[in-house]
Amino acid sequence: MQPLLTRREFVTAGAGVAVLASAGCNSAVVPLPPAAVSIVRAPLYDHSLYDTMRRVLSLHRLDVRGRHIVLKPNLVEFEPASSINTHPLLVHAALEAFRSLGAAGVRIAEGPGHRRNTLDLAEAAGYFKIVPRFEDVFTDLNLDDVSRVYPPRQASRLSKLYLPNTALGADLLVSMPKMKTHHWVGATLSMKNLFGAVPGGVYGWPKNPLHWAGIEESIADLHTAFPRQFAIVDGIVGMEGNGPIQGTPKPAGVIVAGSDPVAVDATACRIMRIDPLRVRYLRLAASDDGRILEPNIVQTAESIASVATPFALIPLFQSLRLEGAA
Amino acid sequence: MAIGNLVVQAGPVGASPAGSPLMAIGNLLDRQNPDGGWPYVRGGSWVEPTVYSVLALLSAGEIGPARCGLAWIRSVRRSDGGWAPRADIDESTWVTALVALLPPEHLGEAFHQSAIAWLLDTQGRETTTLYRIREWLLGNPDTPDRHFPGWPWVPGTAAWVGPTCLAILALAKHHQRRPSAAARGRIEKGQTFLLRHMCAGGGWNHGGVNALGYASRPYPETTGMALAALRGATSPKIDLSLAVAREFLRQCRSADASNWLRLGLRAHGQLPVEYCPPPGLSCRTVPETSLHLALAAADRGRGIFGV
């Protein structure tokens, strides 16, 4: 897997521990090693994505030799003219890239929240056409065997969750969302994408218990239930306005990736010109440890400023707009 | 292998598990777990695929494996009288409606009554007295939706189209056998719930018909389910939805959608007599294969879900 800490990160973390010790540790900001987030340009869904994806993974020096990887795209609905789902070419490029790095196995897994027949949805969304022998590498997380999990940190009213064994058993769960606005939580990115890892076979379609338990709180809880994550956000063509289904396609031309989903989502928000400090689930997940602050995120490849493009927001979420953005 | 009295006459079941009812039965038997239950695709036993498999095998005369399935279902009943989706889940949910669809003479009368009692005692949270008092105290206006209870996927949450359809089908089948005012009342209110949650142009999706002012589109499978649950009801809305269902069926490339659309249209005498599932239709899960088999039996007049 990824090297635990670089020397620089170790020193930073050590300094943080020292500060905490001197402060008595009470409700203090916990300094974390800076999270690395890459922003790579990718203007089109074409075959250059295979090289681009290898480059993305190389930026993060992931050591996945002999590991089992699960790619979790975002499949919601299919409408030909829209940009609701993670593009199958990006997912296939990731699958090939992880295989080329020596992964023992790479699976694609998803559990859509509205539609019960996941494979029909995947077929309509182009996955069968793009990914050879798709059914052999795919697991429907709505119908997978489950285990009971007690999230280590509980923000919602759900004291336990039943989660699919394919996702829980992965050495690395790779959340691959579409970069979209969301009419209930502002933005849906790698953390919200984990709603698709909640099995419909247990919770139904939609996964309504998460809504009653608090959507934002449930996003934060789910994040802690999967400790071994990587995030790759499909921002090549995202969605703005009334996302995550009825919005408008929004080309942003980027792939955002990293090992800390909170930092990745915060960066994606900044690219969308949304203030991550005003996105409640990000604040809950970060729990004031500062990891959504821009200085605490090590940006690689492109800068945020060079790729930022404002995503249109519905009136309810105008207050999320990053200061100084159009 | 015995295939009971099933006639190999239906259209292809699909590339994945079976190309004929005979192959579909073989596929179901191959997938039965040692504990008697069935997975959705592979893995441990779940109540939903087990119920559908039992219904299909009973309709095909495969009594032995069906009995093993029934024994597993009986063994996982919970102390509150309901069923959880799997044995290792500690809450009774929507799958109780599926158990209530099983013939009592096979399931056992006491188990059937327990499933029916659980259903009659369950409703979406937004129609419960406690929730309505809470809303009143908060100063929120009463809405007509709070007077027509449907059923939730999981108790303590809102009612949705899918579980409401299954609960209505179960109660209607029960009511045919043993009429009761309680069952009839819940069926009628449940049907009103469905009509109130129909998409603007007809048909049903999961139940969210409106998202921030934008009308949501219907799905084929839930449209079929809702029409099946609305058997005997009359409303111009149903006529509108029947037209949507016919169009869905004409374009259908999904076994799940085909199964439910046929059930829904049949419930209103609107299934085209010449209809045959398109070639190459893939049954990708145990419920899809099972329903397809059960429908083949229904084509010969053996009712499924009382539809």
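Author: Helix α6 of chain B covers residues 109-120, so to speak a run of 12 residues, and spans 16 Å from first C-alpha to last, close to the 16 Å expected at 1.5 Å a residue. That expected span is 1.5 Å times one less than the number of residues. Helices here are DSSP runs of H or I with at least four residues, strands are runs of E with at least two, and both are numbered from the N terminus.

Before going on: this is a predicted model, where local features need pLDDT of at least 70 and side-chain atom pairs count only at pLDDT 80 or more, while totals for chains, interfaces and linings use all residues. Residues are numbered from 1 along each chain as its sequence is written, and chains are lettered from A and ligands numbered from 1 in the order in which they are written.

Back to α6(B). Its buried residues are B:F111, B:H112, B:S114, B:A115, B:I116, B:W118 and B:L119. Buried means 20 or more other C-beta atoms within 10 Å of the residue's own, exposed means 12 or fewer, and partly exposed is in between, with C-beta atoms placed from the backbone. The cover over those residues includes α3 (63-75), α4 (95-100), α5 (104-107) and α8 (161-177) of chain B.

Follow α8(B) and you get to another helix, α10(B), residues 220-229: the two axes come within 9 Å and cross at roughly 30°. Axes are lines fitted to C-alpha atoms, for helices over the stretch in contact, with angles from 0 to 180 degrees between N-to-C directions. The crossing is left-handed, meaning the near helix is turned anticlockwise from the far one by less than a right angle (clockwise would be right-handed). On the α8(B) side, B:V161, B:G162, B:C165, B:I168 and B:L169 meet B:T222, B:M225, B:A226, B:A228 and B:A229 of α10(B); contact means C-beta atoms, placed from the backbone, within 7 Å. These residues split into 8 nonpolar, 2 polar and no charged. Ala, Val, Leu, Ile, Met, Phe, Trp, Tyr, Cys and Pro count as nonpolar, Asp, Glu, Lys and Arg as charged, and the others, Gly among them, as polar.

As for confidence, the model scores ipTM 0.91 and pTM 0.90.

Conventions. Two residues are in contact if their C-beta atoms, placed from the backbone, lie within 7 Å.
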